[in-house]
Amino acid sequence: MTLEFQSVSKKVFEETHIAPTSLKLEPEVFNILLGPTLSGKTSLMRLMAGLDKPSTGKIFFEGVDVTKLPVQKRNVAMVYQQFINFPNMSVFDNIASPLRVQGLPETEIKMKVGKVSELLKLTTFLLQRRPAELSGGQQQRTALARALVKEAELVLLDEPLVNLDYKLREELREELPHLFSDTGATVVYATTEPMEALLLGGFTATLREGEVTQFGPTHQVFKNPLDLETAKGFSDPPLNTMQVEKNGKSFLLENQGKWDVAQYASVPEGTYTIGFRPHHLQLHATDENNLKLSGEVLVTEISGSESFIHLKSGNNRWVLHAHGIHNLQPGTNVEMCLSSSNCFLFDSEGNRVTDI
Amino acid sequence: MVHTMAEISLQNISHSYQRLPNGSADYALRNVDLTCRKGGAYALLGPSGCGKTTILNIVSGLLMPTDGKVLFDGEDVTTHPPDQRNIAQVFQFPVVYDTMSVHDNLAFPLRNRNMDHLQIEERVKDVAEMLELTDSLHKKASGLTADGKQKISLGRGLVRPDVNVMMFDEPLTVIDPHLKWELRSKLKQLHRRFDFTMIYVTHDQTEALTFADEVAVMYEGEVVQVGTPDELFERPTHTFVGHFIGSPGMNLLPCTLVDGYPLFSGNRIQLPSPLPPVEPDQRLEIGIRPEFIKLDPEGFFVNVNRVDDVGRYRIIKAECGGSLLNVYVPEGVAIPSENVRVSFDPEHTQVYCEGWLHERKEAA
């Protein structure tokens with residue numbers, strides 16, 4: 001199903017929750033809303049579901065204006081962060097509930113519930129139990145099964161994995177795109193975690209303070225952010241940045257170094273920001289074109305296979321993410337390098353400067 | 001600032017929530033031995049229900065263990081109530097007095113102890129500086145964001161001069177990813193400066209491994225392995241640890257042993273030295289992390305089911321002889337379009353017998 005927002009905004013009293021937004025979701029795939037807490041993910045989903053009415057603008061399902069259509073009349077399923085099930089019903093009845101509302105015959109209900117419970121690994125034994133007797137992972141599987149069995153055209157998943165253990169999250173995250181891929185449903189998935197967006201793939205809209213900053217195929221948005229806010233929002237560990245001055249043909253760095261890149265030779269003089277991801281900052285120089293940087297170690301975090309070295313370089317605080325174990329002590333001075341091709345250049349407005 | 005921290009030792013602790021436990025299944029904790037040396041940073045890592053929080057409650061004195069002893073600096077405190085143990089705790093959700101200012105929140109535990117006014121001011125000022133809260137000292141706590149409130153919870157522990165151990169129960173759950181990095185490194189920096197004894201409970205491996213000097217991995221009420229982050233990563237003693245740590249976790253592939261070397265799907269796997277034989281009916285598996293499998297034209301053939309691109313690296317989801325395996329491919333390394341062959345790094349190839357590491361015989 002296609003879903004389109006035309007200049008949709010939402011104000012609650014004087015407070016803007018969603019700035020005027022135009023967005024056309026990609027049908028039949030995962031559409032990820034990525035942004036920090038209070039960036040408008042849930043507000044957007046409530047507008048999609050019809051739980052809230054927009055203050056301005058129009059919403060279209062398959063080209064039909066549904067702006068005024070209430071939630072019951074839209075074919076939508078939603079799964080929340082908290083595990084929400086009917087506590088007094090068995091798991092089977094929980095999953096069957098939307099089908100009973102539709103008035104389907106029992107034999108068909110049995111068949112459909114059987115099919116989705118198998119997909120979600122809810123065994124016959126678990127189907128007879130009450131939700132409270134299940135683990136968190138199984139409770140959320142029940143809620144997902146109910147969303148799946150309804151065969152809704154639009155499925156809204158609002159941080160559904162956040163209350164689960166790390167490993168369970170990993171498992172369900174891997175299953176989710178496949179569960180919905182055969183149903184033809186358009187899925188919207190909200191998350192605060194850049195890694196989760198990358199693992200789920202599909203399309204991503206990055207959000208910040210009620211605004212969609214960019215929308216496109218997930219990996220394209222990650223590899224090619226068009227502004228500083230998107231690059232920052234879609235980076236974990238956080239994006240490293242430094243201010244530079246364009247003077248003549250070169251950029252002057254804070255440490256008096258020079259950065260010459262043919263690609264940017266003709267951009268106007270002025271102040272710019274270079275952004276680069278922590279894993280692109282390297283401890284050992286590899287080729288001539290690299291940008292040389294130095295810094296002082298603040299603290300090193302080691303995860304067993306990777307090192308996160310927090311550094312201070314002039315007024316900047318950076319993280320260097322290296323493969324392998326590099327136990328650098330606080331106070332150590334390190335020389336680092338960075339390849340120009342891994343740098344994003346932003347102007348003083350925060351817009352990305354590409355080739356000129 | 002002076003802190004008196006203690007060594008915390010758990011000796012053969014078992015705990016059941018039932019009054020008359022009957023058999024080991026009734027126990028939430030079984031025979032836990034764990035020593036947290038003075039000034040060390042420890043993490044308890046495991047899935048929900050593995051007993052992590054039960055241990056915290058036993059250390060803090062909220063629970064009295066069914067069996068075993070709790071020692072603080074060698075002194076048996078098993079029967080001491082919480083208020084005699086001098087523990088600071090930070091919970092999943094920030095606990096602050098919303099109507100008080102940040103300053104009064106930090107001063108509160110010291111006022112309760114009737115500390116001298118000037119001394120209180122000095123300590124509050126120091127702690128606020130450490131946590132970068134100086135500018136918000138006179139703001140109401142209710143106006144702060146989740147990470148600011150969590151800093152206050154931490155500060156209320158730091159400000160006390162009498163704390164034996166600081167305990168953290170999933171303290172970053174409600175914090176956004178960007179701020180998690182900031183708070184975590186702050187905590188690590190503070191630990192390096194002041195050497196508190198710290199115990200940190202989490203199900204998140206990245207948090208546990210980056211925070212702690214030593215991590216205790218728990219599973220169903222037992223401590224399976226205690227080790228440094230790189231020990232747990234490179235040499236898990238049990239397949240559960242291999243699976244739980246790493247993302248994706250360790251590949252586990254059924255094998256047999258022929259002349260001391262594992263045979264997997266018809267391929268002889270290289271090891272630094274041969275392994276001793278096992279009983280014929282024992283279950284054997286190779287444990288190899290995705291990071292230690294390399295694309296190698298000289299290696300053995302695998303079927304590629306799918307490639308997941310995570311931006312910084314890719315994971316090949318492959319199949320060989322009916323077993324699934326994940327292969328880590330760093331940025332910049334090309335994946336051949338057909339005839340994908342891999343090899344295992346012998347130094348990092350482990351063999352497990354009935355789930356436990358099958359050790360090489362050390363030369364005498």
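Two residues are taken to be in contact if their C-beta atoms, placed from the backbone, lie within 7 Å. On that basis, the contact between the chains takes 31 residues from chain B and 30 residues from chain A. The model is predicted, so local features need pLDDT of at least 70 and side-chain atom pairs count only at pLDDT 80 or more, while totals for chains, interfaces and linings use all residues. Residues are numbered from 1 along each chain as its sequence is written, and chains are lettered from A and ligands numbered from 1 in the order in which they are written.

Helices (H or I, at least four residues) and strands (E, at least two) are DSSP runs, numbered from the N terminus. The elements in the table each give two or more residues to the side of chain B that touches chain A, and H5(B) gives the most, with 8 residues.

| Element of chain B | Residues |
|---|---|
| helix H5 | 177–194 |
| helix H6 | 205–211 |
| helix H7 | 229–234 |
| strand E17 | 303–309 |

Within chain B, helix H2 (residues 102–112) and helix H4 (residues 146–158) pack at an angle of about 35°, their axes lying 8 Å apart; axes are lines fitted to C-alpha atoms, for helices over the stretch in contact, and angles run from 0 to 180 degrees between N-to-C directions. To this contact H2(B) brings Val102(B), Asn105(B), Leu106(B), Phe108(B) and Pro109(B), and H4(B) brings Ile152(B), Gly155(B) and Arg156(B).

In chain A, the domain assignment (automatic or from a database) gives domain 1 (3–233) and domain 2 (240–353), whose C-alpha centres lie 37 Å apart.
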